[in-house]
Amino acid sequence: MLSHTSLFYPRLAQMVNRVRRGGRRGNTRALIVGTVGLVFWAAIFTGFYRVLQYFNSVPVFGSVLAAKLLSMALLTFFSILIFSTVIAAISSFFMSEELQLLVASPFDLDELYFVKLCETLLTSSWMVLLFSLPVFVAYGVVFEQTVVYYVVMITCLVPFLLIAVVIGIAIALCLVKNFPAQRLKDVLFLFTLFLIIGLYVLFRTLKPERLVDPDAFFTVIDYLTSLEAPTSAYLPSQWLADILGVFLFGQNASGLVFNLLLMWSTAAALVFLLNLFFNRIFFVAWSKSQESRPARATRFALFDCLVGLLTKPFSARMRVVIDKDFRTFFRDTAQWSQLFLLSAIIGIYLYNFRVLPLDKSPIPTEQLRTIFSFLNMGLAGFVISAVAVRFAYPSISLEGLSFWIIRSSPMGLRGLLWCKFWVNFVFLALLSVILTVCSNYFLRVETYMMVLSTLTVLFMTFGLTSLSVGFGAMYPRFRYENVAQIPNGFGGLMYMMSSVMFVGAIVVLEALPVHLLVTSAFQNRALSSMEWFGIGISFALILLVGAIVSVVPMKAGLRRLEQMETL
Amino acid sequence: MIELKNLTKNYGKLVAVDALDLQVPAGELFGFLGPNGAGKTTTIRMMAGLLKPTAGEIYIDGASVLREPEKAKQVCGFIPDRPFVYSKLTGREFMRFCGGLYDVPPQEIEPAIEGLTKLFHMDDYADELIESYSHGMKQRLVMAAALIHRPRVIIVDEPMVGLDPRGAKLVKRIFRELCDHGITIFMSIHTLEVAEEMCDRIGIIQEGSLIAAGTMAELKQQIGDSDGRLESIFFKLTGDEDMQEVISALRL
């Protein structure tokens, strides 16, 4: 039984209260989140299972490739964990609200260290754990392992995670001791974003699709086997890879016990050393984290002019809200930096269309181009919905605790919601036109397909904007530390599920008209009246779905905001 | 100017505000007192249009806050107890934003900002981002912004929290002058000395019900203590008379 003075007590009490108050609604949420988590988990498992089975079927090279993939995956998990820990530790050790109270009280430094270590371990490693477990299980299934493999794997994962988290916390302590915490978080966020973009671009330029191209197969095998994977005997990820390799690929077992002991003793030593380091450095770093400099606003005449021009069609009240949103957006590193991610997505997306080997296909090129253009509508829809979850979904939550200003003003909530809708729609529509027109240009499709797909994607964008703004209003999160956290909840999940269904429905409903138009053009014949009727019905259904998706979420969001009583 | 009719607010089984009836005429500074959890902030948030009443009506300058919210809010300035504002705007930009929300003509906004910046002594930091402001500086900014559209009614929750003595004195003077110019102020406050010094009339709320309302003289008459200060009137009415002994003991 924990004493009431333990620092673990408030955390446990809050958790129990949350579960108690959750009621039926909480259970439904948990069920939906759990189901989606399972689907996600199953997808990762299936992906790795198929790749490993494929590797396993390749004689000689198969196990080498699988071992290489494992050590690279572990190194990736290890580095991501260190990065996410640095960010989580800055929040947990220096920016959480309880610290003001704790530091002013005669608290036990060792206990604080231990509580914060556990908290950081949980917050930063659960995602890595979620992603990595299906990978380990897939290895176990493909290489037909017994229960011993799974026991060893779990036994080794604990020190593996601990080592990464302790290193991350130590980096965070050193950084905060020397730089202001708030600015540091922004810089680290930006850095992590560049890292993700770098990895993404690197992965794409490796052209993984060549693995399924028999002509290029041997060169890829050569490439992968000759690749000096950046692993070293000093890296805990390599220790873990070596331990698992004994079971999976029958590697030399002589180092098994040594590696196991090495992992545990390193983790224990690092936890102990970090405790000493924490006791020595915490107060100085904490004091530093409380310092702030006066922040100056950046101003550009051109920016003011541009915003003035863009907001001209709106009413005076909407204009000031849009102007405020633009200024806030470009002054908040966490917000504008996401534009880099967006640019990388667009770049890679269009690059994929540019390098498509259409001429190698046995299907006639014209038809193939149209099929790709048609599928591209769905793909563009998914990209738009992913972008909307980052930019449009958080737009209401971004009002934050300042929401009282708009609520107590004569500007109604309906006006606010539509204001957010139109700004986001213009931005997303521009993106959707760029994506569709450029990819269709690279595909060299017929004009009618260019027009049809551009109009369809614009139509989808209208619905997706309504979905994202509406769901963002239904599940607002006014208390947040970082804008990137806003969509990471139940509402964001519901939005993503709804948007996928919406895009899927539009693509399915448009399949018939596109099919009829393509075949009639291919066969060089006019459409019959029945076929025109079918096309008409399809478009009527598309309009109906679009109308429902454009109106219902906005209305539900408005109702939720009007009923909301507490901030 | 302000009229509350049978105003009620329930949170589940808890009655936070219980059939409140109150009228505040134009140009009056009305002080709203009560112990913690008595229903002051709930009442104020309903008046500002942030909470929906369970029953009853609120009229501001004749307009119903429930049925004509835009009309009622247009003449109203609200100052909350905690000044949460957009941290990435400067003070000047924030005032400009508030002016726009209340449809202040563009040609009137800049002179109004200049005047208010001077009035609240914010010239030195009006062009800095709000994220670097102290609590008191934010409090002054929110007060200045609430006046930008020349409201006829000001609803204010705990205006003195976070203000230094100079700021508190300034606010007292500004509020008094606003009332002298016909503006109505409805103010919740915990500092009894300030309420006694500033307010034309005082209302005391306890457990959601208005237990007394009137001028200082009327309140004294009500409890039959002609020499009493507001502190003793407050404790007698709220049933915390023993509290005065405790306070005296602590002072020793």
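Into which domains is chain B divided? The points below take that up, then turn to the interface and the cores. Please keep in mind that this is a predicted model.

1. **Domains of chain B.** Chain B splits into domain 1 and domain 2. Domain 1 is made of two stretches, 1–75 and 154–210. Domain 2 covers 85–150. The C-alpha centres of these two domains of chain B are 23 Å apart.

2. **Where the two domains meet.** Domain 1 of chain B puts 8 residues into the contact, and domain 2 of chain B also puts in 8 residues. On the domain 1 side, helix H6 of chain B (residues 165–180) gives the largest share, 3 residues. That side of domain 1 of chain B has 4 nonpolar, 3 polar and 1 charged residues.

3. **Chain A overall.** Chain A has 567 residues, of which 32% count as buried. The chain has 19 helices and 0 strands. Take the contacts in chain A between residues at least 6 apart in sequence: 84% of them join residues at least 24 apart.

4. **Chain A against chain B.** How many residues does each chain give to this contact? Chain A gives 24 residues and chain B gives 26 residues. On the chain A side, two elements give two or more residues: helix H11 (316–331) and helix H15 (403–407) of chain A. H11(A) has the largest share, with 8 residues. By class, the chain A side divides into 9 nonpolar, 6 polar and 9 charged residues.

5. **The largest nonpolar core.** This core holds 130 residues. Which of them touch the most other members? They are B:Phe94, B:Leu141, B:Ile155 and B:Ile185. The largest share of the core, however, comes from chain A: helix H16 (residues 413–443) of chain A supplies 10 residues.

6. **A closer look at B:Ile185.** Leave aside residues up to four places away in sequence. B:Ile185 then touches B:Leu29, B:Phe30, B:Ile154, B:Val156, B:Phe175, B:Leu178 and B:Cys179.

7. **A second core.** There is also a separate core of 55 residues. Its members include A:Phe160, A:Ala164, A:Phe278 and A:Ala285.

Terms used. Residues are numbered from 1 along each chain as its sequence is written. Chains are lettered from A and ligands numbered from 1 in the order in which they are written. This is a predicted model: local features need pLDDT of at least 70, side-chain atom pairs count only at pLDDT 80 or more; totals for chains, interfaces and linings use all residues. A nonpolar core is a set of buried Ala, Val, Leu, Ile, Met, Phe, Trp, Tyr and Cys residues joined through C-beta atoms within 7 Å. A residue is buried if 20 or more other C-beta atoms lie within 10 Å of its own, exposed if 12 or fewer, and partly exposed in between; C-beta atoms are placed from the backbone. Helices (H or I, at least four residues) and strands (E, at least two) are DSSP runs, numbered from the N terminus. Two residues are in contact if their C-beta atoms, placed from the backbone, lie within 7 Å. Ala, Val, Leu, Ile, Met, Phe, Trp, Tyr, Cys and Pro count as nonpolar, Asp, Glu, Lys and Arg as charged, and the others, Gly among them, as polar. Domain bounds come from an automatic or database domain assignment.
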